[in-house]
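Please read them with the model open beside you.

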Amino acid sequence: MIDRHVRIYEVGPRDGLQNEGAPIPTEAKLRFIDLLADAGLREIETTSFVAPRAVPQLADADDLMSRLERRPGVRYPVLVPNERGLARAEAAGVDAVCVFTAASEAFTKANINMTIAESIDAFRPVVARARERGWWSRGYVSTAFGCPYQGEVGEAAVVGVARQLVELGVEEISIGDTIGVAVPGDVRRVVRALLSAGIGADRLAMHFHDTRGTALANVAAALDLGIRCFDASTGGTGGCPYAPGAAGNLATEDLVYLLDREGLSHGVDLDALLVAAQHVSRTLGRPLSTKVGQAGGWRVP
Ligand code: HMG
Ligand code: MG
């Protein structure tokens, strides 16, 4: 039987905002997170416990987490790159953590100043603590479809890193098209390789950036292969400071529209989500650039 339910994993407060140059008040971020929960999102990646110098926009992570009013039934994962980040996350009372590495050495070095092997070692105590404490955990494999420094990335590299994250014990792997170069054929190639390696579709999420307008086509390809979790950013913001050329994430509102019309359930209300998208637009002082943000949903006459 085909599973008709899709998980939408919101990354707006973290991936969406991390690349913004102008400081965003913590208060505005908290309001954004509340509006996302109002819209029905149940997984909201909230911030990162990384070096403040590496991502100044998220330097308020400790303050933000201490002021966040957590709602029952909503998961608020945070990014943690090392033991220092783990200590901060633990002090903030988190119960969901993400570690993040990549399928290319050059990006891993630029992003977290580690080799892929060193990153796996750095994550070991983080994931071990998560398991010990019963926290939910996720591992990211960035540049799975192309690297801004190395170029093409083969599926064997993606599978190799994903396997190591599975062995560490993370519950879910998110496969990232960090610079938005993938097309559906690439998605089929990479996802089939992961499935063939024994990593089940129920443990996989896809993280598309819409840099070249292919994100929704890639979602459709992944849906056909049984993937049922997609990362998206309300307002379509996003990008990584260490991935030159990376533009916005797949917009949550565009994803919701597609899933609604495809008859797939996800629990998010489009009109309420557009309120959150408008909040992002006002906060950043620029109009929404997302398709559904501009056109709205379709009110069938
Ligand atoms: P480093 O410079 O090699 O580390 O950075 P270090 O251990 O030498 O530390 C340097 C300084 O940072 C020290 O401070 C540390 O104390 C401090 P100083 O002594 O110079 O004052 N430090 C920390 N402070 C707070 N929290 C910490 C922490 N760790 C060290 N956790 C490091 C290595 C990993 C720390 C750094 O490179 C870093 O934080 N990188 C994060 C980069 C990042 O967040 N990138 C964006 C997220 S990934 C992404 O967007 C892709 C994704 O969306 C999926 C996709 O699209 O593909 C997930
Ligand atoms: Mg990203």
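1. Asn113 is exposed, with a relative accessible area of 55%; exposed here means over 50% relative accessible area, buried under 20%, and partly exposed in between (1.4 Å probe, protein chains only). Asn113 sits in the loop between helix H5 (105–112) and helix H6 (116–133). Helices (H or I, at least four residues) and strands (E, at least two) are DSSP runs, numbered from the N terminus. The phi of Asn113 is positive, near 55 degrees, in a residue other than glycine.

2. Some conventions apply throughout. This is a predicted model, in which local features need pLDDT of at least 70 and side-chain atom pairs count only at pLDDT 80 or more, while totals for chains, interfaces and linings use all residues. Residues are numbered from 1 along each chain as its sequence is written, chains are lettered from A and ligands numbered from 1 in the order in which they are written, and side-chain values use heavy atoms, with hydrogens and water left out.

3. Thr143 also has a positive phi, about 50 degrees, although it is not a glycine. Thr143 lies in the loop between strand E5 (136–142) and helix H7 (155–168). Is this residue buried or exposed? Thr143 is buried, with a relative accessible area of 0%.

4. Glu152 is placed in the loop between E5 and H7. At 74% relative accessibility, Glu152 counts as exposed. Between Glu152 and Val181 there are 29 residues in sequence and 9.7 Å in space, C-alpha to C-alpha.

5. Which residues coordinate the magnesium ion (ligand 2)? The donors are Asp15 (OD), His207 (NE2) and His209 (NE2), at 2.0 to 2.3 Å. Donors are N, O and S atoms within 2.8 Å of the metal (3.2 Å for Na, K and Ca); water is not among the atoms, so sites may look incomplete. The spacing of the donor residues in sequence is D-x191-H-x1-H. Distant parts of the chain are linked by the pair Asp15, in helix H1 (residues 12–18), and His209, in the loop between strand E7 (204–208) and helix H9 (215–224), 194 residues apart.

6. Asp15 deserves a separate look. At 3% relative accessibility, Asp15 counts as buried, and His209 is buried as well. The side chains of Asp15 and His209 make a polar contact of 3.3 Å. A polar contact is a pair of N or O atoms within 3.5 Å; within protein, one must be able to donate a hydrogen and the other to accept it, and residues adjacent in sequence count only if both atoms are side-chain atoms. Not counting residues up to four places away in sequence, Asp15 touches His207, His209, Gly238, Gly239 and Asn249; contact means heavy atoms within 4.5 Å.

7. Glu45 is found in the loop between helix H2 (26–38) and strand E2 (47–48). Glu45 is buried, with a relative accessible area of 0%. Its side chain makes a polar contact with the side chain of Arg14 (2.6 Å), and a polar contact of 2.6 Å joins the side chains of Glu45 and Tyr140. Leaving aside neighbours within four places in sequence, the residues in contact with Glu45 include Tyr9, Pro13, Leu79, Cys98 and Arg138.

8. The axes of helix H8 (residues 184–196) and H9 come within 8 Å and cross at roughly 35 degrees. Axes are lines fitted to C-alpha atoms, for helices over the stretch in contact, and angles run from 0 to 180 degrees between N-to-C directions. From H8, Pro184, Val187 and Arg188 make the contact, and from H9, Ala217, Asn218, Ala221 and Ala222.

9. Val191 lies in helix H8. At 0% relative accessibility, Val191 counts as buried. Leaving aside neighbours within four places in sequence, Val191 is in contact with Met206, Leu225 and Ile227. Val191 and Val159 are 32 residues apart in sequence and 9.2 Å apart in space, C-alpha to C-alpha.

10. In helix H10 (residues 252–261), the buried residues are Thr252, Glu253, Asp254, Leu255, Val256 and Leu259. Their cover includes strand E1 (7–10), H9, strand E8 (229–232), helix H11 (270–284) and helix H12 (291–295). Gly263 follows H10, and its phi is positive, near 75 degrees.
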